[in-house]
Structure formats: structure tokens, C-alpha cells
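Take a moment to look over the model below.

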Amino acid sequence: MYRMKGEIRFSETDEQGRLKLGSLMNYMQDCVMLHCESLGVGLEYLHANHRLWLLSSWQVVLLDCPKLYDEITVETRPYEFSNCYGHRNFIVSDKSGKTLVKANSIWVYVNTETGRPARPPEEEKAAYSLDERIEMDYAPRKLSLPDDMTPVVPIPVRADDIDLNHHVNNARYIEIALGLMPDISDIHELRVEYKRQAHLGDTIYPKIATVDGSCYVDLADADGKTYTSVQVIGNPSTTG
């Protein structure tokens, strides 16, 4: 378990003063990076061993949304290694200890010399103290998209989309998808599946659909091969 504290800043909020979903994803992603560094198995260790943890999927349940100047604690809990996959939970809470967000993530361990999944070595797994997984309604890793989706204007990958791993940042895909969706004022759950990496010079070809209170975005290449797919589920009390 690893905890990171923060205070919601003006630049991280939307026009209602709520934490943007992309900013929330950055908080959780940063918590992972700090956790790995604290254990000595961060970027320097991974690069030296030609390995990398790549995000495979997110499931994020928003019970309440942090707001401007709220003091929050982001907690990450690795709970399982299975073959080439690592599994992590997250809890975001306010200063009173109230749970605002629950999340699950699945990561794949990759040999950067071959580009293929690999099993993490025992020495790296031993660096982590595994927790019990939190109580939540777990969704599958893979995201099913509607058959009938509408193409929208292609989006070139820009230099400021790229992170230290030289591909589009995980949170940036989500921000792109959210920018294409109709207004969903009360988001209950976010699901994301990452399939391929987009790089500088690539063009993303989005498709979008809204079905039964959920909005779906598929971010793909010119041949229709998905980079990342996103589902946003509205709160049943407001979506009907």
C-alpha cells in the first residue's frame, strides 16, 4: 500500500469546480510511479532491465467528485501478479476519510527489446507487499464496443500528448475521448482498455456511440485498429 496526499488546484478543475477526470487519472498514475520509485523498482530499474509496465485497463467508480481546494489522499494497493499481468486497486478519499473514488487497474509487463509481454522476475515481485483487493463490482478487462459507431474528425498526435515512454500518455487518451463525448454531467463509472500505443506523427481516428446511458469512444488508426477504447457510464439517478 502506498499513499499520496494532494490538494485540488484550480488548474485541475472544470467549470463547476470539480476535479477533471483526466486530472484524477493523473493523480492515480502519479501515485503508482511514486510507489514504484519508493521500492527501488521505478523507471531507472525498469529501463536498465529493458522492461516496462504498460497499462492494460482501468475501471474507475466515482462515488463523489473531489472539488477545488479539497484535500485528498490517493492510495494504491497492488494485490495480484498473474503471468505477465499486475493488478492494482486505488482509493481516493477526502480529509475526513470518506471514500470518493474506487478503482481497479491491470498492467502488463513488457520486454522492451522484443515488444512482447514477459513475466516479472521474482525479485521485482518480492519488492511489493500485496494487499487484499478492495470490495467493488469488478468489470472484465476487455471492453465491448457497440457495432454501430459514428466516425468523427481525425486527431493528429501532438508533441504535448507524448510522455516519458515516447507514446501518448494514458490519461491523455481519456481526455481526448471525453472531449468528443456529449455532456455527461454526472459520471458514475469510467472503463478504459488500452490495446496499442500511438506515437508522435500518428493520427487518431475516433468513433463514438451512445447506448443505454453509456457513451463509448473508440480511438483507432487509419485501418481501424484500436489504440484505446473508453466507456463512460452516467449515474443511473440522472440518466434514467
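Where does Tyr69 lie? Tyr69 sits in the loop between strand E2, residues 51-62, and strand E3, residues 71-82. This is a predicted model, and the values here are computed from it. Phi of Tyr69 is near 70 degrees. That is a positive value, in a residue other than glycine. Is Tyr69 buried or exposed? Tyr69 is exposed. Its relative accessible area is 55%, and the cut-off for exposed is over 50%.

Asn83 makes a second case. Its phi is near 55 degrees, again positive in a residue other than glycine. Asn83 is in the loop between E3 and strand E4, which covers residues 85-94.

Now turn to H1 itself. The helix runs over residues 21-38, with 18 residues. From its first C-alpha to its last it reaches 26 Å. That is close to the 26 Å expected at 1.5 Å a residue. An α-helix has 3.6 residues a turn, so residues three or four places apart point the same way.

Pro182 is found in the loop between helix H4, residues 170-180, and strand E9, residues 187-194. Pro182 is partly exposed, with a relative accessible area of 45%. What does Pro182 touch, leaving aside its neighbours within four places in sequence? Pro182 is in contact with Ile208, Thr210 and Cys215. Thr210 is 28 residues away from Pro182 along the chain, yet their C-alpha atoms are separated by 8.9 Å.

Step back to the whole protein. There are five helices and 12 strands. The radius of gyration is 18 Å, close to the 18 Å that the globule rule gives for 240 residues, so the protein is as compact as a globular protein of that length. Its C-alpha trace spans about 50 × 50 × 30 Å along the principal axes. Of the 240 residues, 48% count as buried. Among contacts with a separation of 6 or more, 71% come from residues 24 or more positions apart.

Last, the surface and the charges. The protein exposes about 12,300 Å², and carbon and sulfur atoms supply 48% of it. There are 25 positive and 36 negative side chains. The centres of the two sets lie 3 Å apart.

Terms used: Residues numbered from 1 in each chain as written. Predicted model: local features only at pLDDT ≥ 70, side-chain atom pairs only at ≥ 80, totals over all residues. Heavy atoms only, no water. Helix = DSSP H or I, 4+ residues; strand = E, 2+ residues; numbered from the N terminus. Rg over C-alpha atoms; globule rule 2.2 N^0.38 Å. Buried < 20%, exposed > 50% of the residue type's maximum accessible area, 1.4 Å probe, protein only. Contact = heavy atoms within 4.5 Å. Areas by Shrake-Rupley, 256 points an atom, 1.4 Å probe, with all protein chains shown as cover. Lys, Arg positive; Asp, Glu negative; His and termini not counted. Charge placed at Lys NZ, Arg CZ, Asp CG, Glu CD. Expected span 1.5 Å × (residues − 1).
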